[in-house]
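The sequence and structure come first.

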Amino acid sequence: MSEPQSDAYDLFEILVRENSRTLLAYIRSAVFDSSSVDDIWQETMMVAWRRIDDFDRSRPFAPWLRAIAANVILAHGRKSSQAICVDQQTLQLLDSRFEQLQMLNGDTLDEKLQVLRDCVSDLPDHYRTCIELRFLHDLKPSELSKRIGSAIESVKKRLSRGKALLADCMNRKITAQ
C-alpha cells in the first residue's frame with residue numbers, strides 16, 4: 001500500500017483538525033463502553049489516513065469520516081462479547097443528527113453547541129432541570145425521580161416533553177439560517 005501524497009497529507013491534517021471533536025462526540029454517542037472510545041477514534045483515523053486518496057474532495061469530509069467510524073464501531077461490536085455500541089439503524093440516526101448539527105451557524109463545534117445551550121436555557125425550569133440532570137449529570141430516570149421528588153412516570157413525561165421542546169427550538173434555529 002502506498003503512502004498518500006504530501007498534498008493529501010496536508011489536506012488530511014487540516015480536515016481532521018476541523019472535524020476531530022465532532023467525530024469524537026459522534027463516537028461517544030454511539031459507544032456504551034467509554035474505554036473503547038479512544039481505540040475506535042484512533043482506528044478510524046488510521047483507516048481514514050490509509051483511504052484519504054479515496055476521499056472525493058467535492059463532498060463534505062465529516063460524513064465520510066463518520067461512515068468510516070460507523071464501520072469501525074460495528075466491527076468492534078462484532079468482536080466484543082459485550083454490547084459496546086449501538087446498531088446500524090441507530091448509527092444512521094446519529095449520522096443524520098450530526099449532519100443537522102453541521103448545518104447550524106458557526107464554524108466550530110463550540111459555536112454550534114452554543115445553540116443547544118441556548119435552547120436548553122430557554123426551557124421552562126421543570127423541563128430544564130430534568131434535561132440537565134439526565135444528560136449533563138447522567139442520572140437515570142429512577143435516580144432523577146428520587147432527586148426531584150416526583151413519580152418516575154412524571155419524570156419520563158418531563159424528559160419527553162423537554163426533548164421535544166429542544167428539538168423544536170433546534171429545528172427553528174436550523175431553518176432560520
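## Cavity and lining

For residue classes, Ala, Val, Leu, Ile, Met, Phe, Trp, Tyr, Cys and Pro count as nonpolar, Asp, Glu, Lys and Arg as charged, and the others, Gly among them, as polar. By these classes the lining of the largest cavity divides into three nonpolar residues, two polar and one charged. The model is predicted, so local features need pLDDT of at least 70 and side-chain atom pairs count only at pLDDT 80 or more, while totals for chains, interfaces and linings use all residues. Residues are numbered from 1 along each chain as its sequence is written, and side-chain values use heavy atoms, with hydrogens and water left out.

Rolling a probe the size of a water molecule over the atoms shows where empty space is left. A cavity here is a set of points, on a 1 Å grid over the protein atoms alone, where a 1.4 Å probe fits but cannot get out; lining residues have an atom within 4 Å of a point. Grid points are joined across faces, edges and corners, and a volume is the space filled by probe spheres set on the points. The count comes to one cavity of 30 Å³ or more, and the largest cavity has a volume of about 50 Å³. Its lining consists of Asn19, Thr22, Leu23, Ala62, Leu65 and Arg66. Helices α1 (6-30) and α3 (61-79) each supply at least two residues of that lining.

## Overall make-up

Helices (H or I, at least four residues) and strands (E, at least two) are DSSP runs, numbered from the N terminus. The protein chain has eight helices and zero strands, which read along the sequence as α-α-α-α-α-α-α-α.

Of the 177 residues in the protein chain, 37% are buried; buried means under 20% relative accessible area, exposed over 50%, and partly exposed in between (1.4 Å probe, protein chains only). The accessible surface of the protein chain comes to about 11100 Å², and 49% of this belongs to carbon and sulfur atoms. Areas come from the Shrake-Rupley method with a 1.4 Å probe; for residues, only the protein chains shown count as cover. A contact means heavy atoms within 4.5 Å. Among contacts in the protein chain with a separation of 6 or more, 61% are between residues 24 or more positions apart.

## Aromatic pairs

A pair of aromatic rings is described by the distance of the centres and the angle of the planes. Rings of Phe, Tyr and Trp (its six-membered ring) pair if their centres lie within 6.5 Å; planes under 30 degrees apart count as stacked, over 60 as edge-to-face and the rest as tilted. The structure holds four aromatic pairs. In one of them, the rings of phenylalanine 61 and tryptophan 64 have centres 5.4 Å apart and planes at 40°, so this pair is tilted.

Phenylalanine 61 and tryptophan 64 are about one helical turn apart, because three residues separate their positions in helix α3. Both phenylalanine 61 and tryptophan 64 are buried. Ring pairs also join Phe55, Phe61 and Trp64 into a cluster.

Serine 29 is in helix α1 and is partly exposed, with a relative accessible area of 38%. Not counting residues up to four places away in sequence, serine 29 touches Leu94 and Phe98. Serine 29 and leucine 94 are 65 residues apart along the chain, with their C-alpha atoms separated by 7.7 Å.

Threonine 90 belongs to helix α4 (residues 88-103). Its relative accessibility is 30%, so threonine 90 counts as partly exposed. From threonine 90 to serine 29 the C-alpha distance is 9.9 Å, across 61 residues of sequence. Glutamine 88 also lies in helix α4 and is partly exposed at 40% relative accessible area. Glutamine 88 and isoleucine 73, 15 residues apart in sequence, are 9.4 Å apart C-alpha to C-alpha.

## Leucine 133 in helix α6

Leucine 133 sits in helix α6 (residues 125-136) and counts as buried because its relative accessibility is 10%. Leaving aside neighbours within four places in sequence, leucine 133 is in contact with Asp138, Leu139, Leu144, Arg147 and Ile148.

Methods
1 Å grid on protein atoms, 1.4 Å probe; cavity = no way out; pocket = protein on both sides within 12 Å on 5 of 7 lines; lining within 4 Å.
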